[in-house]
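Please keep the sequence and the coordinates at hand.

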Amino acid sequence: MAAQELIVALIVLACASYAAWTLMPSAARRGLALRALKLPLPAALARPFRKAAQPAGACGGCGGCGDGADKPVAKAIHTVTLHRASVSSRRSPG
């Protein structure tokens, strides 16, 4: 039973850490990532910290998507027209 509780506790800790990292402001995330990169981490663990340590908007875009591509903003206005059905076109039950 103790092994099962330990596994559940590790899963909950990992999920809470992921949620906190994702919802954290980018300035705080950048600061923590810079501190974490000073530690001797394996390449697989250091990769997300390197990405988070880059200043926001380094690609010239908004800095929110992380893929470095500027996406065009849709500025077209579309008009939606609603047509009421006329009384004569409705079928009466029966």
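Is Trp 21 buried, partly exposed or exposed? Trp 21 is partly exposed, because its relative accessible area is 24%; buried means under 20%, exposed over 50% and partly exposed in between, with a 1.4 Å probe and protein chains only. The model is predicted, so local features need pLDDT of at least 70 and side-chain atom pairs count only at pLDDT 80 or more, while totals for chains, interfaces and linings use all residues. Residues are numbered from 1 along each chain as its sequence is written, and side-chain values use heavy atoms, with hydrogens and water left out.

The protein has three helices and zero strands, where helices (H or I, at least four residues) and strands (E, at least two) are DSSP runs numbered from the N terminus. Their order from the N terminus is α-α-α. Of the 94 residues, 6% count as buried.

A pair of aromatic rings is described by the distance of the centres and the angle of the planes. Rings of Phe, Tyr and Trp (its six-membered ring) pair if their centres lie within 6.5 Å; planes under 30 degrees apart count as stacked, over 60 as edge-to-face and the rest as tilted. The rule gives one aromatic pair. Trp 21 and Phe 49 form this edge-to-face pair, at 5.6 Å centre to centre and with 85 degrees between the planes. The pair links distant parts of the chain, 28 residues apart: Trp 21 lies in α1 (residues 2-23) and Phe 49 in α3 (residues 43-53). Phe 49 is also partly exposed, with a relative accessible area of 22%.

In α3, the residues Ala 46, Ala 52 and Ala 53 are buried. Seen down the axis of α3, its buried residues fall within an arc of 120 degrees, so they line one face of the helix; the arc is that of the directions from the helix axis to the C-beta atoms. Ala 43, Ala 44, Arg 47 and Lys 51 are exposed on the other side of α3. The cover over the buried residues of α3 includes α1 and α2 (26-37).

The axes of α2 and α3 come within 8 Å and cross at roughly 135 degrees. Axes are lines fitted to C-alpha atoms, for helices over the stretch in contact, and angles run from 0 to 180 degrees between N-to-C directions. The two helices α2 and α3 are therefore oblique to each other, since angles under 35 degrees count as roughly parallel, over 145 as roughly antiparallel, 65 to 115 as roughly perpendicular and the rest as oblique. Contact (heavy atoms within 4.5 Å) is made by residues including Ala 33 and Leu 37 of α2 and Ala 46 and Phe 49 of α3.
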